[in-house]
Amino acid sequence: MTKKMDLRVWTEGTMIAALGVALSFIPVQTVNAGLDLSLGLVPLVLYSYRRGFVPGVTAGFMWGLLNILVGSAMKNFISVPQIIFEYPFAFAFGGFGGLFANRIQQALRIKSSKAYWYIGIGGFVAVLCRWFWHFWAGVFVWGMYAPEGQSPYLYSFIFNGGSVVINTVYVSVVLVILAKTAPKLFMPKA
């Protein structure tokens, strides 16, 4: 990569992180407080498909840090480790969709329907990796709110599990639609 391309990649990543923060201000009503639809995951996962694993993880990490800096993370503050787990670490792991970047780009170049499978699998991996951190924060931090006699592991799994399902469906469906209508969004400019 040339210096100019490096700057373009990191500038794009910074804009994705800022977009993630901006999208977090859109109120999304769910039936259960444990169901968290993360609107910013679509641009982050798309960016990781477009630019790869390291830029995706870096943009996610910046998104988590920005949530702390603008104060939206602090409304749920209990401890410093909890904030670190649930924001920079968790959001960085949302960039793990970048592990599928080459496969998706190759499949889209040859117009193979495998691209849609890779997009769905990559979306699931990104969401699952992000919620892995939320699960452990749920066990060690939020587990104290579990009903008496309930395991903090089960409490966290139940509380966070719905978010994995709803976000995987959301991310996968939106990105497959984008791949069908605008596949060039998944390809970095040469």
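Is the crossing of α3 and α4 right-handed or left-handed? The close-ups below, all taken from a predicted model, start with that pair.

**View 1. How α3 and α4 cross.** The answer is right-handed for the crossing of α3 with α4. Helix α3 covers residues 53–69 and helix α4 covers residues 80–93. Their axes come within 5 Å and cross at roughly 150°. Angles over 145 degrees count as roughly antiparallel, so α3 is roughly antiparallel to α4.

**View 2. Who touches whom between α3 and α4.** On the α3 side, look for Gly56, Val57, Gly60, Phe61, Trp63, Gly64, Leu65, Asn67 and Ile68. Over on α4, the partners are Ile83, Tyr87, Pro88, Phe91 and Ala92. Sort the residues of this α3–α4 contact by class and you get 10 nonpolar, four polar and no charged.

**View 3. How α2 and α7 cross.** Now for another helix pair: α2 spans residues 41–51, and α7 runs through residues 152–181. The two pack at an angle of about 55°, and their axes sit 10 Å apart. With that angle, α2 and α7 are therefore oblique to each other. As α2 passes α7, the crossing is right-handed.

**View 4. Who touches whom between α2 and α7.** From α2 come Leu41, Val42, Val45, Leu46 and Tyr49. They meet Asn167, Tyr170, Val171, Val174, Leu175 and Leu178 of α7. The tally for the contact of α2 with α7 is 10 nonpolar residues, one polar and no charged.

Methods
Residues are numbered from 1 along each chain as its sequence is written. This is a predicted model: local features need pLDDT of at least 70, side-chain atom pairs count only at pLDDT 80 or more; totals for chains, interfaces and linings use all residues. Side-chain values use heavy atoms; hydrogens and water are left out. Axes are lines fitted to C-alpha atoms, for helices over the stretch in contact, and angles run from 0 to 180 degrees between N-to-C directions. Helices (H or I, at least four residues) and strands (E, at least two) are DSSP runs, numbered from the N terminus. Angles under 35 degrees count as roughly parallel, over 145 as roughly antiparallel, 65 to 115 as roughly perpendicular and the rest as oblique. A crossing is left-handed if the near helix is turned anticlockwise from the far one by less than a right angle, and right-handed if clockwise. Contact means heavy atoms within 4.5 Å. Ala, Val, Leu, Ile, Met, Phe, Trp, Tyr, Cys and Pro count as nonpolar, Asp, Glu, Lys and Arg as charged, and the others, Gly among them, as polar.
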